[in-house]
Amino acid sequence: HWSLGVNLKLFVGSLADLSSTGFGTDIGLQVRLTRDTTLGFKLQDPLSFLSYTDGPTEFFPAAFKAGVSHWEEAWAVRLNADLEWDADLGFRPRAGIEWRILDTLALRGGGWAGGLTGAGSGDPYLRPTFGMGIVLPAGDSGLLEFDYTALPDGLVQGGFLHQISLK
């Protein structure tokens with residue numbers, strides 16, 4: 001089975017006397033290799049830009065991502081690995097694991113490496129990530145998904161960025 005996806009983004013920003021607007025796109029392709037294994041490709045921000053009212057238009061650096069995911073039902077574990085490339089930061093490999101403790105609760109952990117190639121090369125580094133997900137039934141056939149992720153802050157030594165999403 002093949003799946004194709006397109007994401008359209010609208011950016012609107014305002015800070016003091018400065019305002020900006022922009023648009024963006026992502027394009028993804030996914031193929032199911034087996035019942036439990038998928039392979040995916042994503043072109044992120046190939047045409048994304050931000051225009052300022054009193055300034056230039058800035059284009060986002062495009063990134064290419066490829067990854068594989070495998071679900072191991074006997075252990076209720078999903079294994080993920082992907083590789084990202086962009087012109088600014090070069091290659092960044094990532095790997096992770098998700099353990100479904102219950103049908104509604106998942107614990108996640110993983111890591112990524114940076115500083116390997118590109119403008120960001122120099123001292124290679126590894127960054128851990130962790131998180132959790134809660135999935136609840138919503139309505140007749142829908143699901144409500146709450147996700148929490150923590151990853152190291154690249155600007156604050158020892159700090160973490162926290163991301164919460166609801167789908």
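Reader: How many helices and strands are there in the protein?

Author: The protein has zero helices and 12 strands, both being DSSP runs numbered from the N terminus (helices: H or I, at least four residues; strands: E, at least two). This is a predicted model in which local features need pLDDT of at least 70 and side-chain atom pairs count only at pLDDT 80 or more, while totals for chains, interfaces and linings use all residues. Residues are numbered from 1 along each chain as its sequence is written, and side-chain values use heavy atoms, with hydrogens and water left out.

Reader: What share of the residues in the protein is buried?

Author: Buried residues make up 22% of the 167 residues. Buried means under 20% relative accessible area, exposed means over 50%, and partly exposed is in between (1.4 Å probe, protein chains only).

Reader: Is alanine 16 buried or exposed?

Author: Alanine 16 has 75% relative accessibility, so it counts as exposed. Alanine 16 lies in the loop between β1 and β2, and has a positive phi of about 55 degrees although it is not a glycine.

Reader: Is aspartate 45 buried or exposed?

Author: The relative accessible area of aspartate 45 is 7%, so it is buried. Aspartate 45 also has a positive phi, of about 60 degrees, and is not a glycine. Its place is the loop between β3 and β4 (49-52).

Reader: What makes arginine 94 and aspartate 82 a salt bridge?

Author: A salt bridge is a side-chain nitrogen of Lys or Arg within 4 Å of a carboxyl oxygen of Asp or Glu. The closest N and O atoms of arginine 94 and aspartate 82 are 3.9 Å apart, and the two form a salt bridge. Arginine 94 lies in strand β8 and aspartate 82 in strand β7, so the pair ties together parts that are 12 residues apart in sequence. Arginine 94 is partly exposed at 27%, and aspartate 82 is partly exposed at 29%.

Reader: What do the side chains of arginine 94 and glutamate 84 form?

Author: These two side chains meet in a salt bridge, at 2.7 Å from N to O. This pair links arginine 94 in strand β8 with glutamate 84 in strand β7, 10 residues apart. Glutamate 84 has a relative accessible area of 5%, so it is buried.

Reader: Which residues do salt bridges that share partners join into one network?

Author: Aspartate 86 forms a salt bridge with arginine 92, with the closest N and O atoms 3.0 Å apart. Aspartate 86 is buried at 7%, and arginine 92 is buried at 10%. Salt bridges that share partners join Asp82, Glu84, Asp86, Arg92 and Arg94 into one network.

Reader: Is leucine 8 buried or exposed?

Author: Leucine 8 has a relative accessible area of 67%, so it is exposed. Leucine 8 lies in strand β1 and belongs to a nonpolar patch on the surface, which has about 1200 Å² of accessible area together. Patches are made of residues with over 30% relative accessible area and no salt bridge, like charges being joined within 9 Å and nonpolar side chains (Val, Leu, Ile, Met, Phe, Trp, Tyr) within 5 Å. Accessible areas come from the Shrake-Rupley method with a 1.4 Å probe, and for residues only the protein chains shown count as cover.

Reader: Which strand supplies the largest share of the nonpolar patch?

Author: The largest share, four residues, comes from β1. The strands β1 (2-15), β2 (18-32), β3 (37-44) and β7 (77-86) each supply at least two residues of the patch.
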